[in-house]
Amino acid sequence: VQLQACGGGLVQAGDSLRLSCAASGRLLSSSVVGWFRQAPGKGREFVAAIRWGRRSTYYADSVKGRFTISRDGAMNTAYLQMDNLKPEDTAVYYCGRAIELTYAPAQYKDWGQGTLVTVSS
């Protein structure tokens, strides 16, 4: 299974974007899909995750209340709705798959190419 993120773009502070993460195959209900981001010169940072079967969601404190992760099982696609975007949200956003809930990017796999989100002030 390969995951591919898309939907990034250039927006202004306060705007919204919705990112999509499409899986090339069916995801098991035990899977966890996570969104991460990487700003220039920084490491990959946890943003949000969802348990595929239970739909339980988890967020980094920096995005809680502004971002919403969801999924469409029939489409094998996860989404990241990003509202009230801030310049510090500027980064390349990636999605990956893990076998259990973790905030560590090293535990995720099947990363695809990321999608760039740029938020201007």
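Which residues form one aromatic cluster?

1. Aromatic cluster. In this predicted model, the cluster is made up of F36, F46, Y94, Y103, Y108 and W111. The count of aromatic pairs comes to 6.

2. The pair of Y94 and W111. The ring centres of Y94 and W111 are 6.4 Å apart and the planes meet at 85°, so the pair is edge-to-face; the cut-off for that label is an angle over 60 degrees. Y94 belongs to strand β9 (residues 91–98), while W111 lies in the loop between β9 and β10 (115–120).

3. W111, at 21%, is partly exposed.

4. The pair of Y108 and W111. W111 also forms an aromatic pair with Y108. The centre-to-centre distance here is 6.1 Å and the angle between the planes is 45°, which makes this pair tilted. Y108 has a relative accessible area of 4%, so Y108 counts as buried.

5. Charges over rings. What sits over the ring of Y79? The charged end of R18 does, 4.2 Å from the ring centre. A further case involves W52: the charged end of R71 sits over the W52 ring, and the distance to the ring centre is 5.4 Å.

6. The sheet. Six strands make an open sheet in the order β2-β10-β9-β4-β5-β6, and the pairing is mixed. Which strands stand at the edges? They are β2 (9–12) and β6 (57–59). Each has a single partner strand, so one side of each is left without a neighbour in the sheet. From one strand to the next, the twist averages 20°.

7. Strands β4 and β9. How many bridges join β4 to β9? There are 7, and the two strands run antiparallel. Strand β4 covers residues 32–38.

Methods:
Residues numbered from 1 in each chain as written. Predicted model: local features only at pLDDT ≥ 70, side-chain atom pairs only at ≥ 80, totals over all residues. Heavy atoms only, no water. Phe/Tyr/Trp six-rings, centres within 6.5 Å; stacked < 30°, edge-to-face > 60°. Helix = DSSP H or I, 4+ residues; strand = E, 2+ residues; numbered from the N terminus. Buried < 20%, exposed > 50% of the residue type's maximum accessible area, 1.4 Å probe, protein only. Lys NZ or Arg CZ within 6 Å of the ring centre and 35° of its normal. Pairing = 2+ DSSP bridges. Axes fitted to C-alpha atoms, helices over the stretch in contact; angles between N-to-C directions.
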